[in-house]
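Here are some notes to read beside the sequence and the 3D view. Please keep the picture open and find each residue as it comes up.

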2 protein chains.
Amino acid sequence: MSLDAAATKPHEQLAAALADDLASVNALIRERMASEHAPRIPEVTAHLVEAGGKRLRPMLTLAAARMCGYDGPYHVHLAATVEFIHTATLLHDDVVDESKQRRGRPTANLLWDNTSSVLVGDYLFARSFQLMVETGSLRILDILANAAATIAEGEVLQLTAASDLATTEETYIKVVRGKTAALFSAAMEVGGEIAGQDTATKQALFDYGDALGISFQIVDDLLDYGGSNAIGKNVGDDFRERKLTMPVIRAVAQADADERAFWERTIQKGRQEDGDLEHAMSILAKHGTMESTRVDALAWADKAKAALDHVPDHALKQMLVDLADYVVARIS
Amino acid sequence: MSLDAAATKPHEQLAAALADDLASVNALIRERMASEHAPRIPEVTAHLVEAGGKRLRPMLTLAAARMCGYDGPYHVHLAATVEFIHTATLLHDDVVDESKQRRGRPTANLLWDNTSSVLVGDYLFARSFQLMVETGSLRILDILANAAATIAEGEVLQLTAASDLATTEETYIKVVRGKTAALFSAAMEVGGEIAGQDTATKQALFDYGDALGISFQIVDDLLDYGGSNAIGKNVGDDFRERKLTMPVIRAVAQADADERAFWERTIQKGRQEDGDLEHAMSILAKHGTMESTRVDALAWADKAKAALDHVPDHALKQMLVDLADYVVARIS
């Protein structure tokens with residue numbers, strides 16, 4: 001492991017420190033993506049797995065295992081597993097999101113993509129399953145099976161909670177755990193598990209991933225309404241898709257009669273007009289829910305950092321601390 | 001276990017002989033289908049898991065375990081696992097098949113179903129994964145992980161082979177293994193595995209499931225062109241969906257210039273007209289490919305029965321022998 005002095009962002013520092021491991025992960029991903037029987041599979045996955053992507057989730061697994069002193073080969077399998085699960089959920093999300101965005105009028109090409117997305121996602125799930133079996137650890141299989149169930153439940157919950165003004169903050173956090181935090185926490189925990197750590201340390205690793213994932217997703221949802229710095233490129237997606245995220249849930253709870261009617265029309269009934277997004281943002285500002293949500297995101301980041309107090313000191317640990325700060329820096 | 005004297009069909013005999021075990025499987029399925037966080041999940045799965053359904057695949061697991069003398073509790077977990085995997089693949093097939101049948105013009109309702117199908121299918125996969133982890137057997141996880149990969153590869157292969165006149169019999173058998181035989185063979189093998197059988201017996205159980213699944217699917221594909229008795233309710237689905245099944249693959253291989261042009265127009269280019277299905281059936285009859293495919297299906301059923309020679313004698317074994325005969329009785 002060597003540190004690239006020029007790397008400044010925490011995920012770049014992690015990538016530099018874990019460069020050799022990441023190269024092994026990438027090689028394993030390429031090897032296992034290939035299908036002797038169905039050559040189309042790598043075509044579909046290549047642009048997702050190969051291109052871009054910070055490899056954030058696999059880096060969490062590698063960092064957790066390495067900072068716990070692991071020197072066997074299986075953290076690479078687990079990191080590839082986590083990336084496959086992530087890619088499979090992205091593929092299946094495509095089906096869900098596309099069908100919403102182009103309600104009732106998808107193109108034939110879009111449908112072909114849906115079909116490929118579903119089946120290739122299933123293939124990647126199956127491949128990830130084979131990879132984790134190779135580690136020979138039932139406890140790891142248990143962790144990842146539970147994460148898979150939490151992810152799927154969260155996705156269904158998000159679907160049913162969409163456009164429902166009765167959605168609570170508690171439901172929102174469950175959705176966020178499914179969308180993001182469950183895989184972050186499992187990625188951390190399996191790193192500790194493969195390194196043979198005690199229960200308290202594994203819990204601390206889990207807690208870091210859970211809190212990091214939640215702060216990460218809350219920040220994302222804030223940026224969807226412009227955040228504090230309004231850098232969001234896709235501002236308004238959640239509003240248009242009638243997703244109830246924290247700032248809106250809190251504003252609905254404090255709504256006067258006019259505002260209530262506004263949310264019922266735009267979110268519940270989905271009858272949106274020009275200017276509605278701007279009006280929604282002004283309501284959020286009026287009730288201070290962007291700010292109170294921002295405070296929550298910072299608190300989750302603090303919780304992530306505090307969890308690492310229980311983990312042995314290591315250069316990688318400091319990068320994970322910095323990563324928690326970096327995640328919320330976008331809204332600070 | 002008690003035999004219902006009135007039961008005549010082999011799967012009804014199996015259901016009667018395994019009635020207590022099946023009741024446990026159904027209870028476990030209901031329990032694990034439930035989602036505390038996402039109540040919509042049982043709504044979507046109930047009609048699939050509860051209603052009708054012969055429970056053929058779980059019965060294979062139960063029968064394999066019981067005839068190998070297993071008396072622990074985990075064959076029930078494995079039978080539920082197998083049914084969950086089957087239901088999940090049905091849900092995901094819905095997305096694939098619907099998108100083909102209503103090319104370019106799905107309704108909003110259809111899209112909602114697609115979304116639910118994908119996510120609830122994923123949930124059932126995750127739940128099946130948790131169930132198998134509970135058995136505590138890495139070898140079982142390995143068998144089912146490999147089956148899951150074969151299923152997913154087969155589905156993608158079917159997608160890419162559709163409308164491709166160059167599809168070979170070898171490719172067709174791979175598709176059939178993915179669609180049907182991989183879960184049949186895994187269902188049988190895990191029954192032997194949980195019962196602690198030796199390698200030869202587990203191989204025999206696997207071989208039975210593999211050959212039964214292949215004969216089952218070939219018969220289904222024959223009935224899609226009317227079979228010998230023309231009972232098919234949905235005759236012509238495969239032709240309309242431009243799927244290359246055995247009778248067509250063989251007819252394409254023997255086609256004269258006119259027939260080649262017919263297959264190119266109807267299957268490759270998908271430009272189908274009234275009367276094409278009937279013409280296709282007349283070409284299949286001319287080359288005798290319905291009959292030669294029927295002979296193959298019977299040979300696979302014989303192979304299934306022969307595999308059971310290596311399994312200890314048991315009342316359930318005779319029912320499995322009868323089941324192999326019953327599967328091909330539809331075309332005899």
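**Notes on the model**

1. Salt bridges, overall. Searching the whole structure turns up 46 salt bridges over all chains. Keep in mind that this is a predicted model. A few of the salt bridges in chain A are described in the next points.

2. Two charged residues inside. Glu241(A) and Lys243(A) form a salt bridge in which the closest N and O atoms are 3.1 Å apart. Are these two residues buried or exposed? Both Glu241(A) and Lys243(A) are buried.

3. A salt bridge between two helices. Lys286(A) and Glu259(A) meet through their side chains in a salt bridge, at 2.5 Å from N to O. Lys286(A) belongs to helix α13 (residues 276–287) of chain A and Glu259(A) to helix α12 (residues 257–268) of chain A, so this pair ties together parts that are 27 residues apart in sequence.

4. A salt bridge within one helix. The side chains of Lys305(A) and Asp302(A) also meet in a salt bridge, with 3.6 Å from N to O. Where do these two residues lie? Both are in helix α14 (residues 289–307) of chain A, and they are three residues apart, which is about one turn of the helix. Asp302(A) counts as partly exposed because its relative accessibility is 45%. Elsewhere, Glu31(A), Arg32(A) and Glu134(A) are joined into one network by salt bridges that share partners.

5. Aromatic pairs, chain A. How many aromatic pairs does a search of the whole structure find over all chains? The search finds seven. One of them is the pair of Phe184(A) and Phe216(A), which is tilted, with 5.5 Å centre to centre and 50° between the planes. Phe184(A) is in helix α8 (residues 169–194) of chain A, while Phe216(A) is in helix α9 (residues 199–223) of chain A, so the pair ties together parts that are 32 residues apart in sequence. Phe184(A) has 0% relative accessibility and so counts as buried.

6. Aromatic pairs, chain B. The ring centres of Phe184(B) and Phe216(B) are 5.6 Å apart and the ring planes are at 50°, so this pair is tilted. The pair links distant parts of the chain, with Phe184(B) in helix α8 (residues 169–194) of chain B and Phe216(B) in helix α9 (residues 199–223) of chain B, 32 residues apart. Phe184(B) counts as buried, at 0% relative accessibility. Phe216(B), at 21% relative accessibility, counts as partly exposed.

7. A charge over a ring. What sits over the ring of Phe216(A)? The charged end of Arg330(A) does, 5.7 Å from the ring centre. In chain B, the charged end of Arg330(B) sits over the ring of Phe216(B), 5.7 Å from its centre. A further aromatic group to look up is the cluster formed by Phe239(A), Phe262(A) and Trp263(A).

8. A buried leucine. Leu144(A) is part of helix α7 (residues 138–161) of chain A. Its relative accessible area is 1%, so Leu144(A) is buried. Apart from neighbours within four places in sequence, Leu144(A) is in contact with Leu78(A), Thr81(A), Ile85(A), Met132(A), Ala186(A), Val190(A) and, in the other letter, Phe129(B). For Leu144(A) and Ala186(A), which are 42 residues apart along the chain, the C-alpha atoms are separated by 6.4 Å.

9. Cysteines. The count of disulfides over all chains comes to zero. Cys68(A) is buried, with a relative accessible area of 12%. Cys68(B) is buried as well, with a relative accessible area of 12%.

10. Chain A as a whole. What does the secondary structure of chain A come to? There are 15 helices and zero strands. Chain A has 332 residues, of which 58% count as buried. Of the contacts in chain A between residues at least 6 apart in sequence, 76% join residues at least 24 apart. The accessible surface of chain A is about 12,900 Å², and 49% of this belongs to carbon and sulfur atoms.

How values were computed. Residues are numbered from 1 along each chain as its sequence is written. Chains are lettered from A and ligands numbered from 1 in the order in which they are written. This is a predicted model: local features need pLDDT of at least 70, side-chain atom pairs count only at pLDDT 80 or more; totals for chains, interfaces and linings use all residues. Side-chain values use heavy atoms; hydrogens and water are left out. Rings of Phe, Tyr and Trp (its six-membered ring) pair if their centres lie within 6.5 Å; planes under 30 degrees apart count as stacked, over 60 as edge-to-face and the rest as tilted. Helices (H or I, at least four residues) and strands (E, at least two) are DSSP runs, numbered from the N terminus. Buried means under 20% relative accessible area, exposed over 50%, partly exposed in between (1.4 Å probe, protein chains only). A charge sits over a ring if NZ of Lys or CZ of Arg is within 6 Å of the ring centre and within 35 degrees of the ring normal. Contact means heavy atoms within 4.5 Å. A disulfide is a pair of cysteine sulfur atoms within 2.5 Å. Accessible areas come from the Shrake-Rupley method with a 1.4 Å probe; for residues, only the protein chains shown count as cover. A salt bridge is a side-chain nitrogen of Lys or Arg within 4 Å of a carboxyl oxygen of Asp or Glu.
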